[in-house]
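Subject: Structure handover

Hello,

Here is the structure I promised to pass on. Please open it first, then read my notes below.

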Amino acid sequence: MLIKKFSCTHCGAPKVNSYTNPYVVCDYCGFMIDVDYLAGLQVWKHSQEHTEKYIEMKAKFETNSAKYLKQKNEQEYWKEHYNYWDFYYTHFPEYLPPTVAPGEKYRLFIKAAADMALEAMHKTKSPLTEKYNLAYQNLEYYQENNKNYVKYPSFLKMISAYLELLQESFETIYNNPEYNIMHNVLPEKFHVKMKLSQITQVWLPYLKEKEAEYFLESYGLKYEYTEAKEPHRYELFCESCGKENHVPVGALVCICEHCRQHQVLKKFVTCLGCGCENELPDNWNHHITCKACNTKLRVVQPLFG
Ligand SMILES: [Zn+2]
Ligand SMILES: [Zn+2]
Ligand SMILES: [Zn+2]
């Protein structure tokens, strides 16, 4: 089978299962590997009606949110944001990081988003906002064969101003212990890539093919494909929603593709040297050392690679 080439930085396994969520998660150990902007785009384009419903709700949210901001009504402003994010992730569950298990974690994640909005309400605007707005206004367009294009240098300026602004706002999030949950559910580098993916989705159609390719490549958004052997899989019914998942043999964890429930499948690694069962420590990376014979053991042994 032809697969997109992703390998897990935590256990070394390749990505073998197909996915519809833009967050690429390891099928063996459950770690987030990357963000795939094409998968994100497919979700967005999947149904026009569905997406239009979202755009309509977002317009309402923006009107209300601006109204409460003007009134300095913190309580309603916070509530409006909470409800918006809850709606967003209910409407597009594919955009929810798979690390956000249903229940309490989901609630905390949505709450953090509303808290951040409230915090930003009190802040004076950063000069970087001005810089980004200016770069956006200075985008230059041209037409060729009845198609609209954006001039590449003006586009790059806008993207770089956007990333600078993003980095600044992420600093206040990721350095604030109140939002510790973010390190756990959406580490900064994936969050940046998700945002970059979203902006890429919007702008790619306005770039010439060569420029688009160059852009994707320089921002780490281009994917390589590779031929891989299909792993053996077994069926596993989710302990929470009861739906079926196809799990590759050797996986340590199954994150339900329907409801994001995490199910631990394996807590021990058998030593190939002495047969001893080693319990997995909390922080492992690729290998552990057998407690009985000191052999270095690879935690995840996919059938290839
Ligand atoms: Zn892994
Ligand atoms: Zn489930
Ligand atoms: Zn051993």
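Asn294 sits in the loop between strand S13 (287–289) and strand S14 (296–298). Helices (H or I, at least four residues) and strands (E, at least two) are DSSP runs, numbered from the N terminus. The phi of Asn294 is positive, near 65°, and this residue is not a glycine. Asn294 counts as exposed because it has 10 C-beta neighbours inside 10 Å. The cut-offs, with C-beta atoms placed from the backbone: buried means 20 or more other C-beta atoms within 10 Å of a residue's own, exposed means 12 or fewer, and partly exposed lies in between.

A word on the source. This is a predicted model, in which local features need pLDDT of at least 70 and side-chain atom pairs count only at pLDDT 80 or more, while totals for chains, interfaces and linings use all residues. Residues are numbered from 1 along each chain as its sequence is written, and chains are lettered from A and ligands numbered from 1 in the order in which they are written.

Now the overall picture. The chain has 9 helices and 14 strands. Its C-alpha trace spans about 65 × 50 × 35 Å along the principal axes. Of its 305 residues, 20% count as buried. Domain 1 covers 54–225 and domain 2 covers 267–305; such bounds come from an automatic or database domain assignment. The centres of domain 1 and domain 2, taken over C-alpha atoms, are 40 Å apart.

Strands pair if DSSP finds at least two bridges between them. Strand S4 (residues 141–144) and strand S5 (residues 147–150) run antiparallel, joined by 4 bridges. Glu144 has Lys147 in S5 as its bridge partner. There are 2 residues between these strands, and Asn145 has a positive phi near 50°. Asn146 lies in the loop between S4 and S5. Its phi is also positive, near 65°. Asn146 is exposed, with 5 C-beta neighbours inside 10 Å.

Glu235 is opposite His246 in S8. Here 6 residues lie between the strands, and Gly242 has a positive phi near 80°.

On to the helices. Helix H1 (residues 37–45) and helix H8 (residues 188–203) have axes that come within 9 Å and cross at roughly 60°. That makes H1 oblique to H8. Tyr37, Gly40, Leu41 and Trp44 in H1 meet Ser197, Gln198, Thr200 and Gln201 in H8. Contact means C-beta atoms, placed from the backbone, within 7 Å. Axes are lines fitted to C-alpha atoms, for helices over the stretch in contact, with angles from 0 to 180 degrees between N-to-C directions. Angles under 35 degrees count as roughly parallel, over 145 as roughly antiparallel, 65 to 115 as roughly perpendicular, and the rest as oblique.

Helix H9 (residues 209–218) lies largely in the open, because 0 of its 10 residues are buried. Gly220 follows H9, with a positive phi near 65°.

Last, His262. This residue is in strand S10 (residues 262–264). His262 is partly exposed, with 16 other C-beta atoms within 10 Å. His262 touches Gly30, Ala101, Val253 and Ile255, leaving aside residues up to four places away in sequence. Val100 is 162 residues from His262 in sequence, but 9.5 Å away in space, C-alpha to C-alpha.

Best wishes

Terms used:
Contact = placed C-beta atoms within 7 Å.
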